[in-house]
Amino acid sequence: MAWEYSEKTKQLFMAAVHGEPGTHLGEIEDPDGFGEHGSIVCGDAMRFTFRVKRHPTDPAQDVIVEAKYLTFGCTSAIAASEALCIMIEEGGYTPIQALKVQNSDIVKFLGGLPDQKIHCSVMGAEALESAVFNWAQRRGVDLEKLGVDIHAEEQAEGRIVCKCFSLSEPYIRRKIKELNLRTIPETTNAIKAGGACMSCHHVPGGLQDILDDTWGKDKDSLRIVPATNLRSVPGRLVEPVESRSPEQLSLSPYQFSKKVEKAIDQYVRPLLVKDGGDLEIVDIKDALIYCRLGGACAGCAGANQTLKMMVERTLKDMVDQRIRVIAV
Amino acid sequence: MRTIYADNNATTQVAPEVYEAMIPFFTVDYFNPSSMYDPARGTANVVADARKRIARRLGAADPKEILFTSCATESNNTAILGAAKANPNRRHVITTAVEHPAVLEVCKDLQRSGYDVTFLPVDGEGNLSLSAFVRALRPDTLLVTVMHANNETGVVFPVEQLSRLTKETDPAIVFHTDATQSVGKLPVDLGGEFRHVDLLSFSGHKLHAPKGVGALYVRRGTRMKPFMIGGHQEESRRAGTENVPYIAGLARALDLAEENREADEARIARLRDRLEQAIEQRIPCVQVNGKHAPRLPNTLNVSCHYVEGEGMLYQLSAEGICASSGSACTSGSLEPSHVLIALGIPFTAVHGSVRFSFSRYNTEEDVDRIIKVFPQIVANLRKLSPYWDNEKNVPRPNAGQESRST
């Protein structure tokens, strides 16, 4: 899959990795707002910090003058981080105004992003939101009173729907509405939910249920039956029709294996130990005894001969003529 | 800027000799080998000759054991589904967690239609446990399908021992190996060490033949049903008009690879080893995946902790260097490489993997150039990473300790 990035995305990425002047790589020391989103497990993570010019009397009128980021992520994640900082700085926004910068604005600034990279822009918007929340706490601004709906803390609460990316139900519900996500693929592209193991797609309370709940169930549309429903009942016994073992051994498998072990302990192992070797029984299937020579015998040229001649002969004589020894 | 191609496990350049060998069969000897007139006998002979040469190179007893296909994916589908179809009384398949999707997804498909599939795990170096393999064998096992060499890490599985253990347990179990990455690079002798292998897949474009041609070795007496039906070609075991030029190219490519294999592979191994040592010396916090396992001589898979693979590939590409990554961002899905996950690579590194894979056309200068630019590329991204302390050039103390939460 070749890159389908816009020129703007490529240019911002290359400028960032080369640390060109005017780029926003880094972390502001003692920032006024600090926010993070994502984690290294998911494949992208962003730390976003900003500094404000403080308003002497009304903290709500602080103006953001500097923004920086550290981002672990792909080309478009880094370009989206740059874009966010540029937009925030150029806007001359208060932190509350900055919340108006949506992921779609970042996508627009970048001249578009491939569908499967939309989540990179969402990460930027989420990190910004979390930084604004942090600023409000530091500066004693009551966001709720100002009518600002902040969700940065919701991720900690709520049932986890997408276990691979640790995304909670409240978060997914909000994002589905905010970003007008109508299908599972759209949801995955935007916020990664359901993008890895896919087991949350069609389970009760899963992504499809949340989508149906949000938008109403489209009765005419074909429901795709998840392939996993077709799987046979786990643990169902499959009766082997051809039996390849010799006739049923008269002993129970347990008695048989005990007898094999005893014969090895009494007659085989002492001879091997004398030469600094040992023998491990790896498995017993009917009359097939899988063994591995250890100690000094391991890797020695005559090892397989030893197993065949000595061990198999002994076990045939002592336990059952049908025994075959296989070297592992 | 000259392109440095270091992604030969993805595909290879067609060798000029191979290209030459194919040319006559496009505009001059273009006849359908199944036709009755005299000129068609010529093209039929070309296919027969190619079959004979490939059989000999692989140690097959009879040229009829070689089926031509369109690619390794088709060969794998044919082998697995064909074996399952021909042995309907058995319902168990053994494979590994690190197979190429052309095997893994076919096995998962069997699982969905009611088969029981064992996916054998690997250890941190990418090795299989022979004991776990033996314990997985069952009376109703119909097929074992285990790759020879891994496409991502280059780790080589002991096909010789696995196939022997299979056949000593039960000769009726079909043993298949996907040898797409190893044919032409490692010795494959179906009359010798691989004498217990029933089915073996490979393709042309990993060994300097073109894309669009592959082969499946089917040992005489192996129970399997055809996958492609609708024609009598390949003795009705694979329908479809023979791709004469590409088949001629495949035979020429295998001849070339085998004639020069030891010298070529020794030289390629030196290139790979030099790059590996340089990366380990010059870049902190890297790990070579599969370093202590038997490995293909041409493959180097390194994980750079705390950086993301796609950003590395993009910068390499800007320097004219082609490589690939197991990072989620390059895969089209959001999940990083299933192979690296199976190896248990720590999550701080699984997204930061890069694979360099060489061929006979790579040079010392190629390696020099990669060594020159790659450490800086990693450093560039670490400067941006919230997990890296740039003053001390070490990971931040808390990096990687966070839980899996957003």
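A: Chain B is assigned two domains, domain 1 (16–259) and domain 2 (261–395), with bounds that come from an automatic or database domain assignment. This is a predicted model, in which local features need pLDDT of at least 70, side-chain atom pairs count only at pLDDT 80 or more, and totals for chains, interfaces and linings use all residues. Residues are numbered from 1 along each chain as its sequence is written, while chains are lettered from A and ligands numbered from 1 in the order in which they are written.

Taken over C-alpha atoms, the centres of domain 1 and domain 2 of chain B are 30 Å apart. Contact between the two domains of chain B involves 21 residues of domain 1 and 21 residues of domain 2, where contact requires C-beta atoms, placed from the backbone, to lie within 7 Å. On the side of domain 1 of chain B that touches domain 2, eight residues are nonpolar, nine polar and four charged (Ala, Val, Leu, Ile, Met, Phe, Trp, Tyr, Cys and Pro count as nonpolar, Asp, Glu, Lys and Arg as charged, and the others, Gly among them, as polar).

Chain B also contains an open sheet of seven strands with mixed pairing, in the order 2-8-7-6-5-3-4. Strands are DSSP runs of E, at least two residues long, and helices are runs of H or I, at least four, both numbered from the N terminus; two strands pair if DSSP finds at least two bridges between them. Strand 2 (66–69) and strand 4 (116–120) of chain B are the edge strands, each pairing on one side only. Direction ignored, neighbouring strands of this sheet are turned by 20° against each other on average.

Within chain B, strand 3 (residues 92–96) and strand 5 (residues 141–145) pair in the parallel sense over three bridges, and T141(B) in strand 5 is the bridge partner of H92(B). Helix 5 (residues 101–112) of chain B lies across strand 3, strand 4, strand 5 and strand 6 (174–178), running at about 150° to strand 3; axes are lines fitted to C-alpha atoms, for helices over the stretch in contact, and angles run from 0 to 180 degrees between N-to-C directions.

Strand 9 (residues 286–288) of chain B includes Q287(B). Beyond residues up to four places away in sequence, Q287(B) touches V302(B), S303(B) and A349(B). Q287(B) and E193(B) are 94 residues apart in sequence and, C-alpha to C-alpha, 32 Å apart in space.
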